Every structure is written in structure tokens, then in C-alpha cells.
Amino acid sequence: MTKTALVNYHVHKPHRQAFELDAGGIVGNLISPELAPTEVTVYDERGVGAATTFERSSVGFTTSPTAVTQFDDTAIWRAIYDQELTTLLTSELEAKDVVIFDHTVRVDDPDADRKPARNVHSDYSLHGAKQRIIDILGEDIAPEWSQGHYAFINVWRPIDNPINSAPLGFILPESVADEDWILLDLIYPDRKGQIMGLAANPDHEWIYMSKMTPDDVAFFNIFDNRGRASIAHSALDMIEDPSVSSIRKSIESRTLVRF
């Protein structure tokens with residue numbers, strides 16, 4: 001089953017482009033490079049029982065209920081959720097070690113500090129990943145992990161209600177050409193990183209899982225030092241049921257795993 005959605009691709013430029021997050025010291029203030037709104041056809045995985053697998057396409061979908069009922073600003077829920085994610089990734093990916101280093105709650109509301117990411121991207125460049133593992137593990141431990149097989153894996157889950165608008169979509173890696181990728185700077189108030197944006201290509205094959213509930217998760221590869229393809233992703237501007245008015249809320253957890 002296919003549907004239509006609007007996404008924002010990046011645009012090739014002769015100069016380096018950048019996102020500036022919390023610009024001017026204002027939380028949630030985002031300065032973005034030029035984006036190209038593009039209508040795309042999206043294939044619904046639910047119609048065929050999640051035929052896409054992490055092993056083949058760097059993204060997997062599964063049912064994984066959580067005991068956490070409220071993802072608020074306190075730290076009370078994090079130990080419980082971190083253990084759940086560790087169990088999930090150990091089971092699904094046969095990970096030897098799991099480090100959860102960030103949780104981002106996104107709300108599709110103009111006043112939210114963190115809104116759904118509406119640009120087609122993947123979170124790390126090669127340089128950005130090498131620097132991030134040092135940031136997380138430290139200069140003494142990072143080289144040990146780097147000698148083996150490690151990856152940055154994101155886990156995405158709806159909060160409160162099934163997703164009715166702005167679901168998370170993915171581009172199958174085998175449909176992406178090397179020249180589609182664009183290196184972008186990511187500028188924070190206290191540090192600088194890099195991400196990879198994606199330019200439009202009619203060959204791109206988009207997928208998503210319709211009406212994901214808080215019991216559902218998507219887990220997907222952002223960077224793998226042994227060459228597993230990074231998967232481009234973005235919120236999809238589309239609505240499942242116009243009669244439903246629930247706001248899209250989700251939590252995106254960033255993890256570092258060792259195999």
C-alpha cells in the first residue's frame with residue numbers, strides 16, 4: 001500500500017552548509033540551510049507485516065512495550081527505559097555492549113522546544129561519528145571500541161497516542177546514490193558536529209510503518225564502522241485520518257552499541 005507525503009530534501013551548494021541549533025542561546029531556535037519541499041510516494045510496511053529488516057535495510061520495526069508512562073524532564077524514568085532499550089538491542093542486534101547517551105522528546109507543536117525533524121538526513125558523518133565516540137566514551141576507552149565493531153543506533157517510539165500525523169519515514173539504502181549525500185555542519189552553543197543531508201533523487205524508495213503505537217519501536221542504523229549503510233530519515237508531512245486531532249509526540253533515543 002502506498003501513500004503520498006511531503007518531505008524537505010537538502011540542496012547541493014558550492015559551499016559548506018550548516019544547521020545552527022538553539023541559535024542565539026534560545027532553546028528550540030533553529031537556523032536551517034535551504035531545503036527543497038518534495039512530494040514523495042511512501043510504502044506502508046504495515047500492509048505486508050514489516051517486510052523490511054535491519055539486516056537487509058538498516059531499519060527494523062518491532063513491538064516492545066515499555067513500563068514508562070511519562071517521559072518528563074525528571075530522571076526517574078531513564079534507568080528503567082535505558083534497561084529496556086539495552087534488552088531490546090541485545091535481543092534484536094545481538095549487541096555485546098549498549099550505551100544510551102541521549103533521549104529527545106519531540107512534539108509537533110509550534111511552541112515545543114524540540115519538534116519533529118523535517119529534513120532528510122542521517123545523524124553522523126564519518127568524522128562526526130569518530131568524534132562522537134570519543135565524546136561519549138573518552139579518549140582512553142574509545143580506541144578500544146574503535147578496534148572492534150561498533151555502531152550508532154537510534155530507537156524511535158511514539159508517546160501517548162498512535163501516530164496520526166508526521167510519522168517517521170525512511171529511504172531504503174539501496175535506492176540512495178553516493179552523490180545524493182551532502183556534508184552539513186551542526187552547530188550547538190557548546191560544540192560543533194556534522195550530519196549528512198540528502199538531496200532529492202527520483203530513485204529513492206521511501207517506507208514507513210503506519211499508525212505506530214507507544215508499544216511499537218523503529219530501530220535504525222546511523223553509523224557503522226564496518227560499513228553497514230546509514231539510513232536517511234525524516235518526518236513525513238502526511239495525515240492518516242483527518243478526523244483524528246492527536247498531536248504527534250515521540251521519543252528518539254540515541255545509542256552506541258558494540259558487537
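L137 touches V99, A142, W145 and L256, not counting residues up to four places away in sequence, where contact means heavy atoms within 4.5 Å. This is a predicted model, in which local features need pLDDT of at least 70 and side-chain atom pairs count only at pLDDT 80 or more, while totals for chains, interfaces and linings use all residues. Residues are numbered from 1 along each chain as its sequence is written, and side-chain values use heavy atoms, with hydrogens and water left out.

L137 lies in helix 3, helices (H or I, at least four residues) and strands (E, at least two) being DSSP runs numbered from the N terminus. L137 is buried, with a relative accessible area of 18%; buried means under 20% relative accessible area, exposed over 50%, and partly exposed in between, for a 1.4 Å probe and protein chains only.

Besides L137, the buried residues of helix 3 include G128, A129, R132 and I133. Seen down the axis of helix 3, the buried residues fall within an arc of 140°, so they line one face of the helix; the arc is that of the directions from the helix axis to the C-beta atoms. Among the elements that cover these buried residues are strand 6 (97-107), helix 4 (142-147), strand 8 (150-158), strand 11 (192-198), strand 13 and strand 15 (249-258). Helix 3 is followed by G138, whose phi is positive, near 95°.

Helix 2 has Y81, E84, L85, L88, L89 and L93 as buried residues. Viewed down the axis of helix 2, these buried residues fall within an arc of 125°, so they line one face of the helix, whereas the face turned away from the buried side carries the exposed residues A79 and S91. The buried residues of helix 2 pack against helix 1 (54-57), strand 5 (59-63), strand 6, strand 8, strand 13 and strand 15. Just after helix 2, E94 takes a positive phi of about 55°.

The table sets out the spans of both helices, where the expected span is 1.5 Å times one less than the number of residues.

| Helix | Residues | Number of residues | Expected span | Span between end C-alpha atoms |
|---|---|---|---|---|
| Helix 2 | 78-93 | 16 residues | 22 Å | 21 Å |

N221 lies in strand 13 and is buried, with a relative accessible area of 0%. Not counting residues up to four places away in sequence, N221 touches F54, S58, A151, F152, I153, R228, A229, S230 and I231. The C-alpha atoms of N221 and S122, which are 99 residues apart along the chain, are separated by 9.0 Å.

S58, one of the residues that N221 touches, is found in the loop between helix 1 and strand 5. Phi of S58 is near 70°, a positive value in a residue other than glycine, and S58 is buried with a relative accessible area of 2%. D160 likewise is not a glycine and has a positive phi of about 75°; its place is in the loop between strand 8 and strand 9 (168-171).

**Pocket and cavity**

Rolling a probe the size of a water molecule over the atoms shows where empty space is left. On a 1 Å grid over the protein atoms alone, a cavity is a set of points where a 1.4 Å probe fits but cannot get out, and a pocket is an open set with protein on both sides within 12 Å along at least five of seven lines, lining residues having an atom within 4 Å of a point. Grid points are joined across faces, edges and corners, and a volume is the space filled by probe spheres set on the points.

The second largest pocket has a volume of about 310 Å³ and is lined by 16 residues, of which W181, I222, R228, A229 and S230 lie nearest its centre. Strand 13 (residues 216-224) gives the most to this lining, with three residues. By class, the lining has nine nonpolar, four polar and three charged residues, where Ala, Val, Leu, Ile, Met, Phe, Trp, Tyr, Cys and Pro count as nonpolar, Asp, Glu, Lys and Arg as charged, and the others, Gly among them, as polar.

The count comes to one cavity of 30 Å³ or more, and the largest cavity has a volume of about 30 Å³. W156, I163, P167, L168, Y208, M209 and M212 line the largest cavity, and this lining divides into seven nonpolar, no polar and no charged residues.
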